[in-house]
Amino acid sequence: EAAMRKLLAYCRANDWAGHDPYDALNSRLFQLIPFLDAKWPRLVLIQALKRSPVNVRPLLLVPRTRNPKGLALFLSAFLKLLEIGLLPDEEEVMVMAGGIEAARSPEDRYWCWGYSFPWQTRTLLVPRGAPNLVCTVFVAEALLDLHERSGDTRWLNMATAAGNYILERLFWRAPDGAGFRYPTPTST
C-alpha cells in the first residue's frame, strides 16, 4: 500500500504524463532540424532513445505527455483500487475519464485514440494522435469498466463507438483470411 501511494503521488505530481519508449519524435530539438525529418533519421532516433541506458530525453527536449493508453490503464487501476478500498473517492477516476475524453483522436467521427507522439514504422510515419487499434482497445476496455461501475451510459456509448471504429475502419475480411489494419485504417 505504501508503494502504491508513493507511485500515485509521483504520477499526480507529473500530471499523469511521462515518457514512452517510442516518443523520440516529440523532441523539440529534432523538430528544429528539417533535414533530419526523413525515414532513416526518425528510425535511428527512435531506436537510439529506446535502447539508451541513460534517459537523454531532457537533453533532446522530449516533453512528458499524457498517453491515452496510459490514462486507460490508470482508469482501470483506479476502479480496482476503489473496489478494494484503497482509493478514497472517485475524483481521480473522473480525472482519468476526462483525460481520456479530451485525448480522443480529432481526425475521426468515431471515438478512437492514438499515441501522444508521432512514430515511424519501416514504411510509414504515423502522426501524433492518429487513431489505432491498440490505444482504442485499451481505452474502450477501461470505459466499459467505468460503465460497469457507474452505470453511466455515456461511457458505454463511447466504448460502443470505439468498437464500431474497430469493426468499420480497421477490420478486414478476405477469402483467405481476416485481420485488423495497423497502424492506420489505410494500412494493409
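How many aromatic pairs does the count come to in this predicted model? The count comes to nine aromatic pairs. The legends below present close-up views of selected sites.

**View 1. Ring pairs join four aromatic side chains into a cluster.** The members of this cluster are Tyr 115, Phe 117, Trp 119 and Tyr 182. In general, two aromatic rings are described as a pair by the distance of their centres and the angle of their planes.

**View 2. A cis peptide bond connects Tyr 182 to Pro 183.** The omega angle of this bond is near 15 degrees. Most peptide bonds, by contrast, are trans. Pro 183 belongs to the segment that follows strand E4 (177-180).

**View 3. Asp 15 and Trp 16 have positive phi values in the loop between H1 and H2.** Phi is about 55 degrees for Asp 15 and near 65 degrees for Trp 16. Asp 15 is classed as partly exposed because its relative accessible area is 46%, which falls between the limits of 20% and 50%. Trp 16 counts as buried because its relative accessibility is 9%, a value under the 20% limit.

**View 4. The largest pocket holds about 430 Å³ of space.** Of the 24 residues in its lining, those closest to the centre of the pocket are His 19, Asp 20, Pro 21, Asn 67 and Gly 70. H1 and helix H4 (68-83) each contribute at least two lining residues. H4 provides the largest share of the lining, with five residues. Sorted by class, the lining of the largest pocket comprises 13 nonpolar, seven polar and four charged residues.

**View 5. The charged end of Lys 69 sits over the ring of Phe 138.** The charged end of Lys 69 is 4.6 Å from the centre of this ring.

**View 6. The charged end of Arg 104 sits over the ring of Trp 111.** Here the charged end of Arg 104 is 3.9 Å from the ring centre of Trp 111.

Technical notes. Residues are numbered from 1 along each chain as its sequence is written. This is a predicted model: local features need pLDDT of at least 70, side-chain atom pairs count only at pLDDT 80 or more; totals for chains, interfaces and linings use all residues. Side-chain values use heavy atoms; hydrogens and water are left out. Helices (H or I, at least four residues) and strands (E, at least two) are DSSP runs, numbered from the N terminus. Buried means under 20% relative accessible area, exposed over 50%, partly exposed in between (1.4 Å probe, protein chains only). On a 1 Å grid over the protein atoms alone, a cavity is a set of points where a 1.4 Å probe fits but cannot get out, and a pocket is an open set with protein on both sides within 12 Å along at least five of seven lines; lining residues have an atom within 4 Å of a point. Grid points are joined across faces, edges and corners, and a volume is the space filled by probe spheres set on the points. Ala, Val, Leu, Ile, Met, Phe, Trp, Tyr, Cys and Pro count as nonpolar, Asp, Glu, Lys and Arg as charged, and the others, Gly among them, as polar. Rings of Phe, Tyr and Trp (its six-membered ring) pair if their centres lie within 6.5 Å; planes under 30 degrees apart count as stacked, over 60 as edge-to-face and the rest as tilted. A charge sits over a ring if NZ of Lys or CZ of Arg is within 6 Å of the ring centre and within 35 degrees of the ring normal.
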